[in-house]
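Hi,

Here's the structure I promised to pass on.

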Amino acid sequence: MKAAVLGANSALGRRIVLHAEQCGIAVTSIVSTPADLVGNGPIIIKEPEELESTELERFHVLIDALSFPQIASFKLGQTPLEVLHDKLEQTSCYYVGIGDCSILFADSSRQVLIADSPLVHGLSG
């Protein structure tokens, strides 16, 4: 399995990277700065909104240890989570949000919850 961890240098992200590697999962860390990284896998240094679908399609799962803890800091408009959702729709990569991301909206229309998104159906049922 190939996983990408967004926010891999956060306290939670570091724990996820180390545990995933112990379980034999190939992990790529996605961070905005290379400080405080752990693990042995490759690193992508980009902001979430800079990621391209072509980069994300090589992973089975994107584990987001960044968006939910920082959701209060986002202004009105499209959040990085919504941008990621749009990009992941073009791939077979699943989204796993840490925190209760299932209650967040998948798009700016505020009609589709992450829990109801086609991106998570393979994981929940």
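This is a predicted model: local features need pLDDT of at least 70, side-chain atom pairs count only at pLDDT 80 or more; totals for chains, interfaces and linings use all residues.

Helix α1 covers residues 11-22. With 12 residues at 1.5 Å each, α1 should span 16 Å, and its end C-alpha atoms sit 17 Å apart, so the two agree.

Which residues of α1 are buried? They are Gly-13, Ile-16, Val-17 and Ala-20. These four cover an arc of only 100 degrees around the axis, so they lie on the same side of α1. As for their partners, the buried residues pack against three strands: β1 (2-6), β2 (26-31) and β4 (61-64). Turn to the other side of α1 and you'll find Arg-15 and Gln-22, which are exposed. Just after the helix, have a look at Gly-24, which takes a positive phi of about 85 degrees.

Now for the loop. Glu-50 sits between β3 (43-45) and α2 (53-56). What does the side chain of Glu-50 reach? It gets to the backbone nitrogen of Glu-47, at 2.8 Å. If you leave aside neighbours within four places in sequence, Glu-50 is in contact with Glu-55 and Lys-87. Ser-32 is 18 residues away from Glu-50 along the chain, and their C-alpha atoms are separated by 9.9 Å.

Cheers

Notes. Residues are numbered from 1 along each chain as its sequence is written. Side-chain values use heavy atoms; hydrogens and water are left out. Helices (H or I, at least four residues) and strands (E, at least two) are DSSP runs, numbered from the N terminus. The expected span of a helix is 1.5 Å times one less than its number of residues. Buried means under 20% relative accessible area, exposed over 50%, partly exposed in between (1.4 Å probe, protein chains only). The arc is that of the directions from the helix axis to the C-beta atoms. Contact means heavy atoms within 4.5 Å. A polar contact is a pair of N or O atoms within 3.5 Å; within protein, one must be able to donate a hydrogen and the other to accept it, and residues adjacent in sequence count only if both atoms are side-chain atoms.
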